[in-house]
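Welcome, and thanks for opening this report. Please keep the sequence and the model side by side as you read.

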Amino acid sequence: MSKFKSLLSMTALGGVALGLFPAHATAAEAAATAADAANETEIVVTGRRPIAESDAAALAVQKKANSIVSVLSADSAGDLPDQNIAFAIGRLPGISLERDQGQARYVNLRGMPRRWSTISYDGLTVVSAEGRESRFDNIPTAIASQITVQKAILPSMPGDTVAGNVDIRTRRAFDYDGRHITGKLGLGYVTLGGGEEIDTNFVASDIFLNGKLGVVAQASYYRRNMATENWETDPYLLARAAAPDKRFAREFEYKNYRLIRHNASASLRTDYKFDANNEVFASFIVNTFVDDELRDNFIIRLDQGTNAAGVGYNSDAFFSANDPKFGTVFGARLNGRIDYRKSKDTIGTGTVGGEHAFAGTDVSWRVNYTEAWNGSDQPVGMAFQSPSDFLQRPTAVYDFRDSEGNIVRLFRTLGTTGARTQGERVFSAEQFNTPATNAFRVDGGELTKAWTAKVDVDRETQLFGVPTKIEVGAMYTDRAKKNAPTQFNIATSAVASIPTWSSLASEDPYKGKQPLGFTFRYSQRDKTNALIDGYFASGLMTRDATGALNNYWRVTETLTAAYAMGTSTFDWGNIVYGVRAEQIENSGRAWSPSLLRFVSTSSDDTLFYPSVHVNWDITDELKLRVGLTSTASRPDYDELRPNFTFNDSNQSVSGGNPNAKPEKQKGFDAYLEHYGKNGGYLSAGVFYKDIEDVLFTQAGVFGSTILNTGTTDRSGYTLTTTRNAGTGELKGVEVFASQSFEDAAKAIGAPEWMEGFGIKAAVTWAESSVNVPAVGTAPARKIKLPGTSDSTYNLQATYEKYGLTLSLAYQYRTAWLQDVGAYQTVGGRLVPTDNGDIYWDSDEEIDFSARYQINKNLEWFFDAANIGDQPAIRYGDQKQNPIERERFGPRYISGIRFNF
């Protein structure tokens, strides 16, 4: 409750601050300042103020909204900050980011799971290549003129938005006066790996046919060449009754990754105005994300070794007598893996629509087709393994006492079976005999096709003597998603010469900086590709028909929706109220390896979502918003598949649950917003969600042989599946302030250059709990809502003066739950079956940006990302049990923006 009490005092202090220090001047005020300066004898260069321009446009939209939103708008040149949508909106209040390889990918709205956030283009929801989890790293900011984050949902919006919706308003030619050309050329450097970073975009628009036809085209390309440093101590073994407090790791590995990521986008939009009351448009957008990864790793299987007397590592005797954080394992198995991945995610979406007005009625319609490809191509997959003879395996000395730097050192193994001894230190894993055991290639991925049609009709009228806008609408969506990868395998025992790691190694030096207990060289791409291509061409590599069947599934979904909504306007504000009804039908088809036949499932559900929003204009500057909402998030498509699928490269099995139910929520929001006369802004609010049937992902050992093929044993793979938990709740506080010191500097007679300083600050505090039902010997328990951080902070210091714009941004979020693990009772205590609940540790990022207006057409920019280079850390159950630590290094890029 202390957090909620502090909200009141922060609101009061913020109001005082806003009265003394009005925020950035608007674009009009900046222009007026420039005109005044021109009349002076001394010429003063004022320049554009991109942050002030963007803030002024965003607050104008936000103030007129009928529910709780946060808005990011382009500046007067039509530019948004950052390269992709995820980075851009990550600076808005209540938003935290989830990153992949150091790049922002998913968003958590007010600390809620990423799957609860939806994405739309121009008000029409589109499917993501990954399913219901919307990715934002493959959408460049170049396509957008404005981004609106809707935190409280209206009846006119799809009901599967629990946390909120991110709507991207695409550029259109009528946003500009005539011909408009803008773009960016940037070249940079990635410190970890020494690779290049390229960021370019180009936008051209024009108006034809006497102002009736507008055409805008956009193209962008982004590329990052980098390396990562990574170690993993994962998974942990089940504790023993004799030593329930001891968590021994099953294995340790170094992952040396090199990767190149490409983002490419192209879009075209045409608008045609027949007259003032009728216009139509056609919009086409294609976004492509290519992840080209070279993954090399060596794994020390500690559980395959023994103590000096030959007693197995994974035994009661070993657990009782040894320290899980520091010790020696004799004859541990050494595994190597080479995995080349060239996954390609592509989303193509096309929409035609129109806006019409006649006889006091407005009609809006849309028809959309979207096709999304989530590629999983793996040109090369190879496994290496040391022989069963313990004398040919290493002795491993593990040191996990420092959770920031787990390390394993290798030695020769000497002696006899019952009297093993440690030999000389071995610095390279390649010095041990690890012949290749198998090789494979994977082609394919997940294909989604979706048709959507919607119509909205509104009319101004009187309802009980109150001016009211009545809106009704309907929407129909038909989606189908299938997974059909093809795997080709070869047992290397079938080839004349069995490859070794050294035969495929390159001489490139290690690109990371972390201290290593042992080394190994990177694999050489051309050699390894040529080897697999040779197996393929000679017919030695054959299609795994059984694996293809086991991994095939298809899920369909049709949704029919209708809504009715009223907006009644009073002299003090308005009330928005209504209800949305959605009827959903799902079907699934997949191969069952246990039944040896295809299995089909089907389900249907009808849901109603009433909501009401009150927007009270207390004064011209002060607005109170209160909302009551109800929504539901449906399970993802792959979660509804009626089978298990597996991935040999990371030794995982994922299982569908066609009986999974939607997660339902009833929410309450209350926000107070202050809009200063000079652009200053302060908001403070509370939110609460009562949740039912929370979906959670639970991981554990697969423990079945039904997916085994040939010599590949998948029974020890990690199974991840989705289940509905019990009830839960989420509550929190969100505070945001944006402030310029221009007027304050003038008031105290400070030098003119001090007028350019400003600050933005956002904080979100959240508390959550979810009831997890009893499983086996594990009793029911409470956990946090996956994806929820207790605290999220966004701070930004800015400076804008004389054509110079500077920004230093800091983002921080506390630890959050990623996956719900399996537990059981051992020796009267609840212990993790393996890793237990998996958390991401606290995360922070520091970024710096500089822009200088050379002239009215050219602007120089410089961006520095991830300056602090904080490692990303995951841990299992408790922080002292880390399972992964990786680092990506800072990145720097500079270039020119042009605007004509």
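## Ground rules

Two residues are in contact when heavy atoms lie within 4.5 Å. With that in hand, A581 is in contact with T560, A561, A562, L607 and F608, leaving aside its neighbours within four places in sequence.

This is a predicted model, in which local features need pLDDT of at least 70 and side-chain atom pairs count only at pLDDT 80 or more, while totals for chains, interfaces and linings use all residues. Residues are numbered from 1 along each chain as its sequence is written, and side-chain values use heavy atoms, with hydrogens and water left out.

## The chain as a whole

Along its principal axes, the C-alpha trace spans about 90 × 65 × 60 Å.

Of the 900 residues, 58% are buried. Buried means under 20% relative accessible area, exposed means over 50%, and partly exposed is in between, with a 1.4 Å probe and protein chains only. Looking at contacts between residues at least 6 apart in sequence, 72% join residues at least 24 apart. The accessible surface comes to about 34,800 Å², and carbon and sulfur atoms account for 57% of that surface; the areas come from the Shrake-Rupley method with a 1.4 Å probe.

What about charge? The chain has 93 positive and 106 negative charges, and their mean positions are 4 Å apart. Here Lys and Arg count as positive and Asp and Glu as negative, without His or the chain ends. Each charge is placed at NZ of Lys, CZ of Arg, CG of Asp or CD of Glu.

## Aromatic rings

You will find 31 aromatic pairs in the structure. Rings of Phe, Tyr and Trp (its six-membered ring) pair if their centres lie within 6.5 Å; planes under 30 degrees apart count as stacked, over 60 as edge-to-face and the rest as tilted. W753 and F757 form an edge-to-face pair, because their ring centres are 6.2 Å apart and their planes are at 70°. W753 is partly exposed at 45% relative accessible area, and F757 is partly exposed at 34%.

One aromatic cluster is formed by W231, F252, Y254, F298, F384, Y398, F400, W501, F518 and F520.

## Backbone details to look up

D234 and P235 are joined by a cis peptide bond, with omega about -5°. P235 lies in the loop between β10 (213-233) and β11 (251-275).

D693 is a residue other than glycine with a positive phi, near 55°. D693 sits in the loop between β32 (681-692) and β33 (695-701) and is buried at 16% relative accessibility. N866 is not a glycine either, yet has a positive phi of about 55°. The loop between β45 (858-865) and β46 (872-876) is where N866 lies, and N866 is buried with a relative accessible area of 7%.

Which residues does R105 touch? Not counting residues up to four places away in sequence, the contacts of R105 include E98, D100, E130, D137 and R261. R105 belongs to strand β3 (residues 103-109) and is buried at 8% relative accessibility.

K212, in the loop between β9 (196-208) and β10, is partly exposed at 32%. Its C-alpha atom is 7.9 Å from that of D271, 59 residues apart along the chain, and D271 is one of the residues that K212 touches.

A581 lies in strand β26 (residues 573-592) and is partly exposed at 24% relative accessibility. A581 and T486 are 95 residues apart in sequence and 40 Å apart in space, C-alpha to C-alpha.

S654, found in strand β30 (residues 652-655), is partly exposed at 27%.

Notes:
Helices (H or I, at least four residues) and strands (E, at least two) are DSSP runs, numbered from the N terminus.
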